[in-house]
Amino acid sequence: LRNTRNLVFPNATRILNGTYSLVVSTASGCNSHQRSLELEFSNAPAPPQIVFSDPVCEGDQLVLTCSEVQDPQAIYVWDTPNGNLTTAAPELRVSDLSKMRDEGPYRVRVEIGNCVSAFSQVANVEVLSRPDLPSISGDTVYCEGEQLFLETTPASNFSYDWTGPSIDGDQSQLIIEELDQADAGTYSLRVLDTTTNCVSELAFVQIEVDAAPQRPLLTADNPVICPGDSLQLSINLQNFDSVQWQQSPSGQLITTSSAQLQLNENEIEAGLWRARAFSGQCASSWSDFLDVRIDQEYNINIDGVTELCTGESLQLSTSISLDSATYSWIDPSGRIVGNSQRINLSNPQEGSYRLQFSSPLGCPYADSVRLTIFESPRIDSILVLGPTCVNGNQDIQLVPYVTAGDDPNLSFNWTPVNGSAGSDSIYIVSNARSNNSGDFFLQITDGNNCTTDRELINLQLN
């Protein structure tokens, strides 16, 4: 075929397959032994077709595919911005994309032994920037019952994806109204740029939820404060660090390390009291309000005459008149003799009379008086001394016989129907005549102002 040293077939095809022999001849006509070579030509692979999804985001995985060559010896050589990469399959995967490193032209060729295809068309890969790692602001340590509030900077083209131990969220803020310990743990946030559909890396925050004491039950040794009383408030908890006490929602806070608050009479404020317990910085809910009432001080003075004469009635009263109060009058023998504002007793006993008064709030008050009973004088009889037949020349004497009481100092009061009154112990009708006849009355009063009954004697003169 050729008489040249080198045999060249431009644009070789399979038509040239076969046995080729070579004989070398010298100028003097000498020939070498013949040597043969079997040549077989294969068709070069066709340029592959490259396929990929465009665009892709930073951090994603780029997947490039091309048409497959049905030859087990085929390999795929990828020309990338980072150099040539070889795969046994018609696919190239580039993980954790970087815009700076991985963006640019990609193409691929197929090699089968020494047969190499032309490069595919160029695939210009655009790597879109992902959103910056979102910043999460908010407290990270909470108490049970508090509100969780986490947020990130909002943007109009962002959507949000929060995840947590017990809640998900899709807003720029994540709120849990009342935390419990099941809400403690790791919370994550990623944002999606809706204009590129690229997602940020996950931002994490660790949330701690500390236990708070239970809601206490508030009690008082006596919620009604009487004059002179102290007040002890108590809660029913044991495991706590401190307790806050407050009178009214806006009152001063009092802190103790015990479950009791002791207040003397001058420290007590009337109104609604409440308490809460602390464990560290975590507070329980406030207790229900306890109404503490302070009774006004009543001046229970007993009014009435406390020195009587035998036979007189005892009248005692107090100036305090309240419909919802209770009254108990107790005589010297301990017997209750009245249950109203005043009493009126006939034939009272000498001794101490006590009023026990209970206010509308139930506070006890008391006063007492001592009753003294003086023995009254008594007229036993009145003796008439003198004749019953008179002519005007004789005197008639009315002489009383008296039993004195506790005071021997007696004063006499004679009041005749016909005649003049007299104050002597003996009444004398001077120069008595028949017209002096009639009724004579005598009443005696002693130094204790005790009087006898009014004694009557009818004098008949002729």
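Predicted model: local features only at pLDDT ≥ 70, side-chain atom pairs only at ≥ 80, totals over all residues.

Biologist: Fine. How many disulfides does a search of the whole structure find?

Modeller: The search turns up four.

Biologist: Let's take C309 and C450. What is the angle about the S-S bond there, and is the link left-handed or right-handed?

Modeller: The angle is -90°, and the link of C309 and C450 is left-handed. Their sulfurs sit 1.8 Å from each other.

Biologist: And where are those two in the chain?

Modeller: C309 is in strand β31 (residues 307-309), while C450 is in the loop between β42 (438-446) and β43 (455-459), so the bond ties together parts 141 residues apart in sequence.

Biologist: Buried or exposed, C309 and C450?

Modeller: Both C309 and C450 are buried.

Biologist: OK, next one. Which cysteine does C143 pair with?

Modeller: C143 is joined to C282, with an S to S distance of 2.1 Å. That pair links distant parts of the chain: C143 belongs to strand β13 (residues 141-143) and C282 to strand β28 (residues 282-283), 139 residues apart. The link of C143 and C282 is left-handed, with -80° about the S-S bond.

Biologist: Why do you count C143 as buried?

Modeller: Because its relative accessibility is 7%, and buried means under 20%. C282 counts as buried too, at 3%.

Biologist: What about C226, what's it bonded to?

Modeller: A disulfide joins C226 to C363, S to S 1.9 Å. C226 lies in the loop between β22 (224-225) and β23 (231-235), and C363 in the loop between β36 (351-358) and β37 (364-374), so this bond connects parts that are 137 residues apart in sequence. With -90° about the S-S bond, the link of C226 and C363 is left-handed.

Biologist: How accessible are C226 and C363?

Modeller: C226 has 11% relative accessibility and counts as buried. C363 is buried as well, with a relative accessible area of 0%.

Biologist: Say I number the bonded cysteines in sequence order. What's the pairing?

Modeller: The pairing is 1-3, 2-5, 4-7, 6-8.

Methods. Residues numbered from 1 in each chain as written. Heavy atoms only, no water. Disulfide = S-S within 2.5 Å. Helix = DSSP H or I, 4+ residues; strand = E, 2+ residues; numbered from the N terminus. Buried < 20%, exposed > 50% of the residue type's maximum accessible area, 1.4 Å probe, protein only.
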